[in-house]
Amino acid sequence: MKIVRAGVIILITVAIVLGVSIPMVPKPQSFFEYPIIPGLEEKARNIFFHVPVAWTTVVAFLVSLWYGYRYLRTRDIQYDLKSSASAELGFVFCFLATITGALWAKFNWGSFWNWDPRETSIFVLLLIYGAYFALRSAIDVEETRARLSAVYSILAGLTVPFFIFALPRLVGGLHPGSAGDASGQTPVAQLHMRGLMLLNFFLSMIGFNLLFVWLLNLRVRIARLEYHHSLQSM
Amino acid sequence: MKFQSTYALVMKDVRSELRTRYALNALLMFVVTSVTTVLFALRSDNPSAQLLAGMFWVVVFFTAMSGLSRIFVSEEERGTTLTLRLLTIPSVVFVGKLVVNCLLTLTLTAAVSVLYVWAFPGFAIVSWDVFIATVFLGSLGFASASTILAAIIAKANVRGSLYPVLAFPVLVPLLMTVMNATARALEGETIALAFGDLQVLVGYLLVMTAGSFLLFDYVWVE
């Protein structure tokens, strides 16, 4: 974990310093210049923060789901601690993704919120996390809480394909990769980045994923201590 | 054999419902009051098809949330959960409860439809085939997602307020699709144009039913 921590500090620092300081020019000549993406201009720098955070949100949700599934199979309370810890972190990342996305939307598309399919999806993800924590706090018995919250997160996970495939057809989108976007017809956005910019993006991506791993490790260790403490005080 | 016990479970719930009218009366009164509220709110305007289709499902959603959890909560309150668990296997319980919930939601949406057609001149259904298919598939989708959530909620402490909170994120894809398809039915689009929406509804119904069928064991057996 020491290596992970060092990696987090180095990668995120480098990604932020590069992301803020490298100049953006219309036609990059040297390696240390970023291309201007039409329509985004300097606002494109948010890509090094918003996209990795949003990505980590999804990773955290899937990790939580996976540990929930593991709990149902093994009935080992350790997995429930991991599942809920991952959900807590996912909620934090989800909140950050919503805030950075709303700010970006304000300056790029004109308003903080447009009910674009991805905005709707992240809002529903926030609601799922909210419902998950509400459910957890409403059940006293530890085993029942672990079991039912795992079932709920899997059930909520079943709706994800509808948000990816069905929703964009119902509502017009603004994000890259939406239906009607000239650059691509796939659900995954095409990257308009080259060279150092692409490297910066992936450094940030790896950095935020490692940040999640490190924080999850810390949170699980705290949860474990709390769990043993609650056993002793009973 | 299993079909018989499922049938017996459904008949047990239907009979006890017909004797006490516990859920049905409350649901129908809830429908009447909420449609009246919408009527007051929209009385002076000439609401669009989009708005009326949305309000239709708002009423259905909140009515369903007020009543559908009874199916498992009542067993818990009467203390009959353990008997049911002893008498039969989880899948029979799930299918039986799902059928009862389907019957309840179909009654509910039928009542809301009749009231809307009667109360709102703007709620004129042009494409009946689209409307009936949407309401039918939408009701079944509602029932499939809410049955397992009712089983989850029956174990929690605060049941009434938690149920819509849990159900809403799961029901969002369904709600957006049925609102869209109902608006199409009011605007008189053909079934070919609404086919995509109906496909999504069928997909949702299948995914939710299969998923909750597989997960129900974990909710029901302690």
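Q: In which helix of chain A is A:Leu126 found?
A: The model is a predicted one. Within it, A:Leu126 has contacts beyond its neighbours within four places in sequence, namely with A:Phe91, A:Cys94, A:Phe95 and A:Thr98. The helix of chain A in which A:Leu126 is found is α4.

Q: Is A:Leu126 buried or exposed?
A: Buried means under 20% relative accessible area. A:Leu126 has a relative accessible area of 18%, so A:Leu126 is buried.

Q: What distance separates the C-alpha atoms of A:Leu126 and A:Asp76?
A: Along the chain, A:Leu126 and A:Asp76 are 50 residues apart.

Q: How many helices does chain A have?
A: From the N terminus on, the elements of chain A run α-β-β-α-α-α-α-α-α. Two of the elements are strands, and the number of helices is seven.

Q: What percentage of the residues of chain A count as buried?
A: A residue is buried when its relative accessible area is under 20%. Chain A has 234 residues, and the part of them that count as buried is 47%.

Q: Among contacts in chain A between residues at least 6 apart in sequence, what percentage join residues at least 24 apart?
A: The contacts considered here are those in chain A between residues at least 6 apart in sequence. The part of these that join residues at least 24 apart is 70%.

Q: Which side chain of opposite charge is nearest to A:Glu119?
A: A:Glu119 lies in helix α4 of chain A, which covers residues 117-137. A:Glu119 is buried and has no salt bridge. A salt bridge needs a nitrogen and an oxygen within 4 Å, whereas the nearest side chain of opposite charge is 10 Å away and belongs to A:Arg118.

Q: Which residues does A:Glu119 touch, not counting those up to four places away in sequence?
A: A:Glu119 is buried. Leaving out residues up to four places away in sequence, A:Glu119 touches A:Ala105, A:Trp109, A:Phe112, A:Trp113, A:Asn114 and A:His175.

Q: Which residue forms a salt bridge with A:Asp80?
A: Side chains of opposite charge can pair when their charged atoms come close. For A:Asp80, the closest N and O atoms of the pair are 3.1 Å apart, and the partner is A:Arg136.

Q: How many residues apart are A:Asp80 and A:Arg136?
A: A:Asp80 is buried, with a relative accessible area of 5%, and A:Arg136 is buried with 12%. A:Asp80 sits in helix α3 of chain A and A:Arg136 in helix α4. The pair links distant parts of the chain, and the separation in residues is 56.

Q: What is the N to O distance in the salt bridge of A:Arg219 and A:Glu88?
A: A:Arg219 is partly exposed at 22% relative accessibility, and A:Glu88 is partly exposed at 28%. The side chains of A:Arg219 and A:Glu88 meet in a salt bridge, with an N to O distance of 2.6 Å.

Q: Which residue of chain B forms a salt bridge with B:Glu77?
A: B:Glu77 is exposed, with a relative accessible area of 52%. The closest N and O atoms of its salt bridge are 3.8 Å apart, and the partner is B:Arg70.

Q: In which loop is the place of A:Arg75?
A: Most residues other than glycine have a negative phi. A:Arg75 has a positive phi of about 60° although it is not a glycine, and A:Arg75 is partly exposed at 39% relative accessibility. Its place is in the loop of chain A between α2 (47-74) and α3 (77-109).

Q: In which loop does A:Trp115 lie?
A: A:Trp115 is not a glycine, yet has a positive phi of about 55°. With a relative accessible area of 45%, A:Trp115 is partly exposed. A:Trp115 lies in the loop of chain A between α3 and α4.

Q: Which element gives the most to the lining of the second largest pocket?
A: The second largest pocket has a volume of about 490 Å³. Of the 19 residues that line the second largest pocket, the closest to its centre are B:Phe168, B:Val172, B:Leu175, B:Met176 and B:Met179. Two or more lining residues come from each of α4 of chain A and α3 (49-67) and α8 (159-187) of chain B. With seven residues, the element that gives the most is α8(B).

Q: How many charged residues does the lining of the second largest pocket have?
A: By class, the lining has 15 nonpolar and four polar residues. The number of charged residues in the lining is given as no charged residues.

Definitions and conventions: Residues numbered from 1 in each chain as written. Chains lettered and ligands numbered in written order. Predicted model: local features only at pLDDT ≥ 70, side-chain atom pairs only at ≥ 80, totals over all residues. Heavy atoms only, no water. Helix = DSSP H or I, 4+ residues; strand = E, 2+ residues; numbered from the N terminus. Buried < 20%, exposed > 50% of the residue type's maximum accessible area, 1.4 Å probe, protein only. Lys, Arg positive; Asp, Glu negative; His and termini not counted. Contact = heavy atoms within 4.5 Å. 1 Å grid on protein atoms, 1.4 Å probe; cavity = no way out; pocket = protein on both sides within 12 Å on 5 of 7 lines; lining within 4 Å. Points joined across faces, edges and corners; volume = space filled by probe spheres on them. Nonpolar A, V, L, I, M, F, W, Y, C, P; charged D, E, K, R; others polar.
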